[in-house]
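Here are my notes for you on this one. Have the sequence and the 3D view open while you read.

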Amino acid sequence: MKGSHVLELTRRLTEAFGVSGYEDEIRSVIRAEIAGLVDEVRVDTLGNLVALRRGAGAAGQPGKRVMLAAHMDQIGLMVTHIDEKGYLRFAPVGGVFGLACWGSQVRFADGTVGTVGLDGGISARDKLPTLNSMYIDVGATERAGVTVQVGDVAAFWHAFAGQGSAWFAPSMDDRIGCVVLVQLLRELAGREIAHDVYAVFTTQEEIGTRGATTSAYAIDPYVAIALDVTLTGDGPHTKPALEVYLGRGVALKIMDKGMISHIGLNQLLIAAAEAEGIPYQREVLQVGSTDARAMQMARSGIPTTALSVPSRHVHTPSQIVDRRDVAAAIALLVAFLDRPITV
Amino acid sequence: MMALCDRLERLSNAFGPSGRERDVRALLRAGIAELADRIEVDALGNLIAYKTGADPEPRLRVMLSAHMDEVGFMITEIQKSGLLKFQPVGGLDPRMLPAKRLVIGDARIPGVIGAPPPHLQSAKQASQPPRGSGGQPVELDDLAIDIGAESDKEAEAKVKVGDYGVFATQFTVLSRDSSWPTVRGKAFDDRVGCAMLVALLAERYPVDLVVVFTVQEEVGLRGARVAAYRVEPDAAISLEGTICDDLPRPPDVDLTPVTRLGAGPALTLMDRRLVSHPGLLKLLRDTAEAEGIAIQYKAPGLGGADSGAIHLTRAGVPATVVAVPCRYIHSPASILNLNDMENSVRLMAAALRRIGREHLERAG
Amino acid sequence: MDKAGIGQLLRQLVAIDGPSGVEALVASLVADLARDVATETRVDALGNVIALRRGAANPPGRILLAAHMDEIGLIVTRVEDSFLHVHEVGGLDPRALLGQEVTVYPTGPRTGQTFEVSETLKVFMDGKGLPGYIGGRPPHLTAAENRDRVIPLGDLRVDLGLPRAILESGLVQVGDRVAVRGPYTELLGGRVVSKALDNRASVAAMLGALGYLAAMQHSWDVYAVATVQEEIGLRGAITSAFEIAPDVAIAIDVTFGATPGLNNAETVAMDKGPAIGWGPNLHPGVVSALRKAADAHEIPYVVEPLPGDSGTDAWAIQVAREGIPTGLTSIPIRYMHSATELVVLADIDRTARLLATFIGRLDDAFLASLPEEV
């Protein structure tokens, strides 16, 4: 794997703007990245970027239709009110935790920057903050100076950083999944793969796996795999039990709050991982879900699972992944697609 | 305007909780018989009216929806005392319920949800007021419906377990001032939408119109989902009655009301179930500007309408919502401004004349 | 088919473990049991068993019966020392787990060899689970103030009673499944106790209905589906209803049986027949036809008011595709979601007879009659 190339790709994708429902910028960044790597690209009604890499088929063993989904959207804040002094009240877009906001820097689509403030400031520092008690401060000294409008959306902002094998960004969920998918397409270039690969960069996952719902209906794949992040059992006092750790490989989803993975599909992935010596971890997640839960329910039902890059501090402004896990995810997908698929 | 107000009155007074919309459907069906080219009722009870467009083919198929159902009640037990236990159908705040009048079942038996008198407190409860009387808020388990029966036998002669009920509110005009005409009644969410749809059906537009009066929105956008699957529209707009909380606030609370009465049709940027399609939002904004109609934006992140289910059907549908502000929705009576209703109809009619493929696209 | 036959079906069905997502063994049994009374049987992409019993040559319609075959259970989240941490799959009551016998299904160590595709399924196919126990800590060693508290699932451990070294070799993996043990036991009054009456009682009723139908005439095609993953989100019902696209559907599930101490408004009488659901989730025409069928054949039933989400496969089926007129029959049971659920066998038989009778009465006119009733 071209190390610094993937790092730079990750930088580009994690720093692009794309809050759920407002993914135009990240979509055009990804579209540019995959140009030349796929046979067809379109944007559907919900804004999903749907790319098809046609399979070569094989005599007597035609390829299958495989859908891989990574969501482009990130959680954010939508302005609901601008007060007389120029402070912005907001509603969450996706799962925003009160604990993860105060003092964070946010950025709007046009580049306007703000800091999330807390009513009462320092005097409120010992209480658990609610989203209603916070606001975005764009540094204005009067109302007239504020150009932001009600309905504008902001994302948590921080520059990407790489440090040893650890990569940091606010949007690893799920730009790192997008990195895996883009890099997979890059590594498949020039390879003959039997299967039709639908690489779908979905929208609005964080607000209800919406993009995956409609795109899976349209594609009706033979199997589907979501590429997302998952939590880890790392950390000094982690509860509940989760045997997924940074640096130990790609996480194979057995079950999460929204779905139970197809056992046969998981077995194919395990077989490929074991054959190629790719490190993987078995994931049983007690909170949270992915696009997989939507894809599994399309039409008459699709055998589905998820491959996740373990991430610390998910849904906070500084999420950490390990580049070795990213590499493992890509390698496993290559190995999986390089084999017959029957479930 | 008169016709619109009359229609709203009839629809508001009609009995139609989620799952038992038949009376409202019958009223609407009679009202649109002459206006639609074709009418169907589907498996869940949605009333679907088709109206072919005037333009040559190919034409867009636009689905408009409003839900027929209102929040209500269901009798779950007839107690030995003759009192009736019940559960809400759809979302109701239990604090709203004590001392309210209902009608129950096909025979429309009158009843009340009793409120314990504030005077009475046992010595044991002296330090903690009985729930519902001045002290703590009521919970559903504490409430019962009284139809005047003194025994279960007497009650069973009039009602049965499973019977539906609704508030007994009658429609009233509050203000006839043409600059601020207001009315009060139950179920404005979403009989106002239904009334507006009938008004829109009176015209023929360039596009094919499918007007759907949906069922069971209040219990999960159920009717809209299957209707959209059947209709396969190119675009969908839900007409709603929405939250309006423009009461004066304490001076230290500086917040935008969700919507304001009299400020015009409310557009949705984002609610709990839908991020509006940008092309349709642009259509509505441009239309409002061209027609000189003042609009407002519903505060983001609250509530949900039929479009929330419609936009996720099949391979996805561009969708949005246009709503009339209603104070006190999901309570026994709401208040709305007829000008908001009139302007919403004007906005929609003009938008239907303007809508084109360019409004259904996404930026690449 | 008769009440004894229903009892036999139930006894076989509850003897097998089939937690949500790993229903294969139960599916296999259902397919076997359906063989004599169905025209064709298949298993779909998610594992639903679809048994089709054809009616007339030109059937006026197709009816879907859905009874979920999955049961709630536990899943291993960590192996610590010689004990297992577990998490629930479906809504298990942790209060009923203290002192509970369980069966653990290990997938075995990772040997570095390539697994065959159905390795995990093979473990279940062999039916070889290991006995385990959830014991909790002795009260003597529990601080006084904690002795009254419910122990959350995250603090409970499954003990296999095996030496630590065996666990360390990787016998049990994260993701392995654990079922509760609750053998079939007869009590007085034709009552039976077992685990997984939710929802094997309904599967027994459904297969029983097919058995009764075998001795009757019916013109409609009957798709009897043992659905998967109901307990975690009605998953099998969503996809099988889409696939089969029936004209009418009846979901068969269990409901809360009257028990002293519980609110009458929230429970259904035991031994008075199935509960026929009534509310927005259920089509009034289907409900009416179920009641007429019951009345005509003197099958007792009660009406269960359901003001919203019925919490069953019916909720998913009703909104498949363009919408499906749906009904719900529920068998009352006590102590739901514990290892000692309790049912009156006669209620299962009554359900089977009601379904068969209802289906036998379906004719050309039924579909056309529905729109007036909605």
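1. First, a term you'll need: two residues are in contact if their C-beta atoms, placed from the backbone, lie within 7 Å. Keep in mind that this is a predicted model. In chain A, 76% of the contacts with a separation of 6 or more come from residues 24 or more positions apart.

2. Now the overall build of chain A. You'll find seven helices and 17 strands there. Its radius of gyration is 20 Å, close to the 20 Å the globule rule gives for 343 residues, so chain A is as compact as a globular protein of that length. The C-alpha trace spans about 70 × 45 × 40 Å along its principal axes, and buried residues make up 55% of the 343 residues in chain A.

3. Take a look at helix H4 of chain A, residues 210-219. Nine of its 10 residues are buried, so the helix is largely enclosed by the rest of the structure. Among the buried ones are A:Arg210, A:Gly211, A:Thr213 and A:Ile219.

4. What do the buried residues of H4(A) pack against? Their partners in chain A are strands E2 (49-53), E3 (65-71), E12 (196-202) and E13 (223-230), plus helix H6 (292-295).

5. Finally, see where the two chains meet. Chain A puts 24 residues into the contact and chain B puts in 19. On the chain B side that touches chain A, there are 12 nonpolar, four polar and three charged residues.

Terms used. Residues numbered from 1 in each chain as written. Chains lettered and ligands numbered in written order. Predicted model: local features only at pLDDT ≥ 70, side-chain atom pairs only at ≥ 80, totals over all residues. Helix = DSSP H or I, 4+ residues; strand = E, 2+ residues; numbered from the N terminus. Rg over C-alpha atoms; globule rule 2.2 N^0.38 Å. Buried ≥ 20, exposed ≤ 12 C-beta atoms within 10 Å, placed from the backbone. Nonpolar A, V, L, I, M, F, W, Y, C, P; charged D, E, K, R; others polar.
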